[in-house]
Amino acid sequence: MLEEENVVVLEQGSVPAQKIAKAMASPTAGDLFNTLSDGPLTATALAERTGFPLTTVKYHLNNLLDADLIEVVDSRWSEKGREMKIYGVKDQVVVLAPRKRKYLLSSSWDDNMKLWSVKLWDVVTKSEVKSFV
């Protein structure tokens, strides 16, 4: 379920937006992100599922973590006694907005459709910019 605090609005060019652009610039990172969208996995399981080398997976996981697109959702211990982090996609919507504009987010719950609707409003023109369901 999407809640208002799960909507992140970033100004284009801001440091967080740049981190997201860096993390998602690689098709490999996109494949890893999409695979994690199916459910949380360890780096090893992610490497096995995608066929990418473990070092490549760890590199991209660190970039995705730094960009705040994924998070460590749990951990467990391997048979060798090593802690293994379990990664998952953050439950959020990220909106990149142009600079010098002011935006307001509003959200509402639709009981009939059983989902959240989030709208991005331009404060200057008082018009709806984008709707997310």
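I take buried to be under 20% relative accessible area, exposed to be over 50%, and partly exposed to be in between, with a 1.4 Å probe and protein chains only. On that scale, 31% of the 133 residues of the protein count as buried.

**Ground rules.** I am working on a predicted model, where local features need pLDDT of at least 70 and side-chain atom pairs count only at pLDDT 80 or more, while totals for chains, interfaces and linings use all residues. Residues are numbered from 1 along each chain as its sequence is written, and side-chain values use heavy atoms, with hydrogens and water left out.

**Overall layout.** I looked up the secondary structure and got four helices and eight strands. Helices (H or I, at least four residues) and strands (E, at least two) are DSSP runs, numbered from the N terminus. Reading from the N terminus, I get the order β-α-α-β-α-α-β-β-β-β-β-β.

Contacts came next, meaning heavy atoms within 4.5 Å. Among contacts between residues at least 6 apart in sequence, 44% join residues at least 24 apart.

**Salt bridges.** How many salt bridges does a search of the whole structure find? I get two, counting a side-chain nitrogen of Lys or Arg within 4 Å of a carboxyl oxygen of Asp or Glu.

One of them pairs Lys 19 with Asp 66, with the closest N and O atoms 3.5 Å apart. Lys 19 sits in helix α1 (residues 15–24) and Asp 66 in helix α4 (residues 54–66), so this pair ties together parts that are 47 residues apart in sequence. I noted Lys 19 as partly exposed at 33% relative accessibility, and Asp 66 is partly exposed too, at 47%.

Asp 68 and Lys 90 make a salt bridge as well, 3.0 Å from N to O. This pair links distant parts of the chain, 22 residues apart: Asp 68 is in the loop between α4 and β3 (70–77), and Lys 90 is in the loop between β4 (83–89) and β5 (93–97). Asp 68 has a relative accessible area of 39%, so I log Asp 68 as partly exposed. I also flagged the backbone of Asp 68, where phi is near 65°, a positive value in a residue other than glycine.

**Largest pocket.** Rolling a probe the size of a water molecule over the atoms shows where empty space is left. The search uses a 1 Å grid over the protein atoms alone; a pocket is an open set of points where a 1.4 Å probe fits, with protein on both sides within 12 Å along at least five of seven lines, and lining residues have an atom within 4 Å of a point.

The largest pocket comes out at about 270 Å³. That volume is the space filled by probe spheres set on the grid points, which are joined across faces, edges and corners. I count 13 lining residues, with Ala 43, Thr 44, Lys 58, Glu 83 and Met 84 lying nearest the centre. The elements giving two or more residues to this lining are α3 (43–50), α4 and β4.

Sorted by class, the lining has five nonpolar, four polar and four charged residues. For the classes, Ala, Val, Leu, Ile, Met, Phe, Trp, Tyr, Cys and Pro count as nonpolar, Asp, Glu, Lys and Arg as charged, and the others, Gly among them, as polar.

**Single residues.** In the contact lists below I leave out residues up to four places away in sequence.

I checked Thr 35, in helix α2 (residues 27–37). Is Thr 35 buried or exposed? Thr 35 counts as buried, at 13% relative accessibility, and touches Leu 41, Leu 46, Arg 49 and Thr 50.

Thr 28 is in helix α2, is buried at 19%, and touches Phe 52, Thr 56 and His 60.

Leu 41 lies in strand β2 (residues 41–42) and is buried at 11%. Its contacts include Thr 35, Lys 85, Ile 86 and Tyr 87. From Leu 41 to Met 84 I get 9.8 Å, C-alpha to C-alpha, across 43 residues of sequence.

Arg 76, in strand β3, is partly exposed at 45%. Arg 76 touches Thr 42, Arg 82, Glu 83, Met 84 and Ile 86. Arg 76 and Ile 86 are ten residues apart in sequence and 7.7 Å apart in space, C-alpha to C-alpha.
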